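Subject: Structure for you to look at, with notes

Dear colleague,

Please find the structure below, followed by my notes on what was found in it. I have kept the notes by topic, so that you can read them beside the model.

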Amino acid sequence: MTKPSRLEILVVVLILSVAIFFRFYHLDQTPPGLYPDEAMNGSNALIANATGDYKIFYTENNGREGLFINLQAFSVKLFGIHPWALRGVSAAIGVLTVLGLYLLVRELFERRIAALCAFLLAISFWHVNFSRIGFRAIMVPLILVYLYYFLWRGLKTGHWFHYFIAGLLTGLGFYTYTAYRVAPLITIIVFINYWWYVKRTFSHENYTHARMQLIRGFCLLMITAFFVALPMGIFVLWHPDQITPQSYLSVFGQADPIKALWDSVIRTLGMFSFVGDGNQRHNIAGAPMLGWPLGVLFIIGFFKELGHWLSRKHGAFSPVHTLLFSWFF
């Protein structure tokens, strides 16, 4: 990565200032009160502070990974018992995610695209909204942008430190939110694709060296992730009765899984540019995640880059596109 210029630093500071404003302005007033899930987090945080028992998994309220609640407990201990002390954790995570997205996109592409992406996330209603309520789901984008930033740095430089941090974040993600559990599959797909890319691109001597770097890096990442995630794994094995079954969240738990899967896919794809979530806690009811004209540009860019990714003329299945599309799907 090239050293940032003063102009680039200024641009990043301005983008982060916008992100901070949208996430912290009148956080004590908007949204008013606490949602039930937030209140349950606050109750667990108060008990944890009073007893010193900071859990890796809180079994109440259908079960929740503990990292976010423990961060909220620290915030409450530091700032006092206020709703904004719970939500301030989400707001800080939201700002850090904007910075992480800038770093990742700069690594994958270049600084102008990175600045545009970071700015759009800074003002995104979806991300601003979830940055202002105390739900642990806000941690998943944070973990992923930094995970793939350090993974990409590791693939490019071969430095063990980047793989180690990527492994640390991979394991830490299991303490954040249910949806994260599929993320390691993305990492595996990227490694396989990058191996194939190196084999096609490098000479025999360089390929042998690059292959060994990839193997060492992948092993370090996976071993680090394993030991970081081990306490959660042990908890699941020793307390299966405390992990509330969440089959009702899965399409395979429905009466007609095929129909449920199709319906889920259509609704999820449609939320970007056509019709979004109707829950006003999460969204302006029914509004697409990307407003006009971003929704149209998203569709055009998606199919343009999908064609680029699959085109043999441009080198089929480039690692950058593999990361983006495997992450998306």
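Helix α2 passes helix α3 in a right-handed crossing, where a crossing is called right-handed if the near helix is turned clockwise from the far one by less than a right angle and left-handed if it is turned anticlockwise. The axes of α2 and α3 (residues 67-79) come within 8 Å and cross at roughly 65 degrees, the axes being lines fitted to C-alpha atoms, for helices over the stretch in contact, with angles that run from 0 to 180 degrees between N-to-C directions. That makes α2 roughly perpendicular to α3, on a scale where angles under 35 degrees count as roughly parallel, over 145 as roughly antiparallel, 65 to 115 as roughly perpendicular and the rest as oblique. On the α2 side the contact (heavy atoms within 4.5 Å) involves Asn-41, Asn-44, Ala-45, Leu-46 and Asn-49, which meet Phe-68, Ile-69, Gln-72, Ala-73, Val-76 and Lys-77 of α3. These residues divide into 6 nonpolar, 4 polar and 1 charged, with Ala, Val, Leu, Ile, Met, Phe, Trp, Tyr, Cys and Pro counted as nonpolar, Asp, Glu, Lys and Arg as charged, and the others, Gly among them, as polar.

Please bear in mind that this is a predicted model, in which local features need pLDDT of at least 70 and side-chain atom pairs count only at pLDDT 80 or more, while totals for chains, interfaces and linings use all residues. Residues are numbered from 1 along each chain as its sequence is written, and side-chain values use heavy atoms, with hydrogens and water left out. Helices (H or I, at least four residues) and strands (E, at least two) are DSSP runs, numbered from the N terminus.

The axes of α4 (residues 83-108) and α5 (residues 111-123) come within 8 Å and cross at roughly 155 degrees, which makes α4 roughly antiparallel to α5. This crossing of α4 with α5 is right-handed, and by class the contact has 11 nonpolar, 1 polar and 2 charged residues. With α7 (residues 139-157), the axis of α4 comes within 8 Å and crosses at roughly 25 degrees, and α4 and α7 are therefore roughly parallel to each other. Here α4 passes α7 in a left-handed crossing, and the contact of α4 with α7 has 15 nonpolar, 2 polar and 3 charged residues.

The peptide bond from Thr-30 to Pro-31 is cis, with omega near -5 degrees. The loop between α1 and α2 also holds His-26, which has a positive phi of about 55 degrees although it is not a glycine. Another cis peptide bond joins Trp-292 and Pro-293, with omega about 0 degrees, and Pro-293 is found in the loop between α11 (257-273) and α12 (294-310).

Thr-30 and Pro-31 return in the second largest pocket, where they are among the residues nearest its centre, together with Phe-22, Val-128 and Arg-132, out of 14 lining residues. A pocket here is, on a 1 Å grid over the protein atoms alone, an open set of points where a 1.4 Å probe fits, with protein on both sides within 12 Å along at least five of seven lines, and lining residues have an atom within 4 Å of a point. About 240 Å³ of space lies in this pocket, a volume being the space filled by probe spheres set on the points, which are joined across faces, edges and corners. Helices α1 (6-24) and α6 (125-131) each supply at least two residues of the lining, and α6 gives the most, with 3 residues. By class, the lining has 8 nonpolar, 4 polar and 2 charged residues.

With best wishes
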